[in-house]
Structure formats: structure tokens, C-alpha cells
Amino acid sequence: METASDRTALSLLSRLQQKQERWEEAVNSIDFSHSRRKARRTINKLTGRSRRCSRLCPISAKSIASQLVKNGAHKTSGRDSTRLINKQLSDPWKITTPEAHSVSEPFRPEEFAAALRRLKPGKSPGLDSIFPEFLLHAGSALKSWFFNFLNSCMRQLKIPKIWRRALVVAISKPEKPLGDPKSYRPISLLCVPFKILERLIYARIETIIDPLLPQEQAGFRHGRLAVDQVTLLTHNIEAGT
């Protein structure tokens, strides 16, 4: 005999089934090929992540972009800078590492695996829209192809044009007036595959370049902290140097 509890349970299951059917219908109706904005708006509405801008930027994006370009402009022409960089890199490219490996020789599988392990998930992609998770969870066939592709770039000294570009995002500086273009700093989002190539090259030249850097430099150096600089400064003061 059906009890009140049974009827309540059946009613609840029926409502849940109806909600599931409406959810599946809404999800299946999303079409990214026609209007990504509309599809994203639908997803945000379904997941409760409807975003509303609480504060509008009082300055145009063009004004911010013009200021960022002005801040990063080279004092010399792009061609002169390229020629200078190529000249400075021509000799170090032939140097051998302390492990007796040539800097320009093909990458080894263990180097590639170490570079992938240092890749952090959850990071924003560059202009190629390739997320770190794509490479972290890729199969052996894709990783093998990518490994050979990086070695081809190393051998031919060429990289895809899209890797030379960055997606620049302007971030407002804390406690600065939002109406001033100088109150924004840029963040450059590079292509994730290009970051892998950078790490492979950096791992090889770090042992060569680091001994040549002065003791006073702590930025962008492995194992150097601000406290080390304070200790060095204190030692120099006490020694009278």
C-alpha cells in the first residue's frame, strides 16, 4: 500500500526528472558556432555565474594601450635591436654547458619531461588558446610530436609567428586613480608551448650565465632572496667596502 512518504518521494523524483530534462535541453541548445557571447551568457545563467560589472573604467582602452606602448617603446629601432641581440647571442650559442653538452644540441627526453613537470595548471593561455592542461594531460603520441617539433625549432632557429606575440592585459595599480593611463601595468600572456621552449633553453644557459652575474643581482635568480641582499649589504657596511 502506497504511503504518504512514498507519494512525496515519487513527487520529488518526478520534479527532479523534469529539471534534468530542462537542463539537458538548455545545454544541448547552446551553439558556440553562431554566437559565443550568447552561449557564454546562457552558461553563466545556468551555473549562477552571471557577471555584472560593478565599476566601469573611466578611461578608454585606447588611452591605456597608447600609454603602455609608449612605456615599452625601444630607444632604438626594432631592426637595430634585433641586430644587436643576434650579435650578442652568436658566441654564447656555441658554448658548452658544465655537463659537456652543447647549448644548441637537440633536447633530450629527460629535459623535456622536466620542463613539462614545471608547467603549472590553471594558468591563462596566450593567443593560441592552448591551456597548460592540454599539454599536461596529452597522450604519448602528442607529447612525442611536440618534443620533435621543439627540436625542429631549435635546429632551424625558427619559431611560429604566433609565439612572438603576446596577449597584453592592463591591470590597475593599487591605490592609483583609474582615470590616469599611467595607473595601469601590463601583463603579457605568452603561448604555453612557447613557455616550454623557454624553460628548455633557460635550463641549459642558467649554469653558464649565473656565475657571470654580479652578487648584487638577486632578481630572476634561483635560490636568491631579499634576505640574502640584506645580509650582503650589512656585510659590506661592516667591512667598510
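The model is predicted, with local features requiring pLDDT of at least 70 and side-chain atom pairs pLDDT 80 or more, while totals for chains, interfaces and linings use all residues. Residues are numbered from 1 along each chain as its sequence is written, and side-chain values use heavy atoms, without hydrogens and water.

Helices (H or I, at least four residues) and strands (E, at least two) are DSSP runs numbered from the N terminus. In helix H3 (residues 61-71), Ile64, Gln67 and Leu68 are the buried residues (buried, under 20% relative accessible area; exposed, over 50%; partly exposed in between; 1.4 Å probe, protein chains only). Viewed down the axis of H3, these residues fall within an arc of 100 degrees and therefore line one face of the helix, the arc being that of the directions from the helix axis to the C-beta atoms. Lys62, Val69 and Lys70, on the other side of H3, are exposed. The cover of the buried residues includes strands E1 (167-172) and E2 (184-189), contact meaning heavy atoms within 4.5 Å.

Rings of Phe, Tyr and Trp (its six-membered ring) were paired if their centres lie within 6.5 Å, with planes under 30 degrees apart counted as stacked, over 60 as edge-to-face and the rest as tilted. Phenylalanine 112 and phenylalanine 146 have ring centres 5.9 Å apart and planes at 65 degrees, so the pair is edge-to-face. This pair links helix H5 (residues 109-117) with helix H7 (residues 140-156), across 34 residues. The rings of tryptophan 163 and phenylalanine 194 have centres 6.0 Å apart and planes at 40 degrees, so this pair is tilted. Both tryptophan 163 and phenylalanine 194 are buried.
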